[in-house]
Amino acid sequence: MSDHIDNTDKIIFAEVARGLAAVRRRPGLAAHGCCHYCDEALAPALLFCNVDCRDDYEKELAAKTRAGRTG
């Protein structure tokens, strides 16, 4: 017979699985030779020129998402 801890573990694992599935469904950024935030020229495999641009891009995207706008 399972106890409350076992039931709670099942709920937690199900929530984590749902969250991971949602993240995996999101479209990712494609490298195109320029920084996605400041448009500085980059090596073909890179998305951002530095950590600051990446963080600023993520903050701006999160703010747009909270405001109900896309992209």
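**Reading salt bridges and a helix cap**

Reader: What does Arg-18 count as at 49% relative accessibility?

Author: Partly exposed, because 49% falls between the limits of 20% and 50%. Bear in mind that this is a predicted model.

Reader: Which residue meets the side chain of Arg-18 in a salt bridge?

Author: Glu-15, at 2.3 Å from N to O. Glu-15 is also partly exposed, at 46%.

Reader: Where do Arg-18 and Glu-15 lie?

Author: First the general idea. An α-helix has 3.6 residues a turn, so residues three or four places apart point the same way. Now the case. Both residues sit in helix α1, residues 4–25, with a spacing of 3 residues, about one turn.

Reader: How many salt bridges does the count come to?

Author: The count is 3. Glu-60 pairs with Lys-64, their closest N and O atoms 3.7 Å apart. That pair lies in helix α2, 4 residues apart, again about one turn. Glu-60 has 37% relative accessibility, and Lys-64 has 22%. Both values fall in the partly exposed range. Asp-55 and Arg-54 also form a salt bridge, at 3.1 Å from N to O. Asp-55 is partly exposed at 26%, and Arg-54 is partly exposed at 34%.

Reader: How far does helix α2 reach from its first C-alpha to its last?

Author: It reaches 22 Å over 16 residues, 51–66. That is close to the 22 Å expected at 1.5 Å a residue.

Reader: Which residue caps the N-terminal end of α2?

Author: Asn-50. A side-chain oxygen of Asn-50 lies 3.1 Å from the backbone nitrogen of Asp-52.

Reader: What is the phi of Gly-68, which follows α2?

Author: Positive, near 85°.

Conventions. Residues are numbered from 1 along each chain as its sequence is written. This is a predicted model: local features need pLDDT of at least 70, side-chain atom pairs count only at pLDDT 80 or more; totals for chains, interfaces and linings use all residues. Side-chain values use heavy atoms; hydrogens and water are left out. Helices (H or I, at least four residues) and strands (E, at least two) are DSSP runs, numbered from the N terminus. The expected span of a helix is 1.5 Å times one less than its number of residues. A polar contact is a pair of N or O atoms within 3.5 Å; within protein, one must be able to donate a hydrogen and the other to accept it, and residues adjacent in sequence count only if both atoms are side-chain atoms. A salt bridge is a side-chain nitrogen of Lys or Arg within 4 Å of a carboxyl oxygen of Asp or Glu. Buried means under 20% relative accessible area, exposed over 50%, partly exposed in between (1.4 Å probe, protein chains only).
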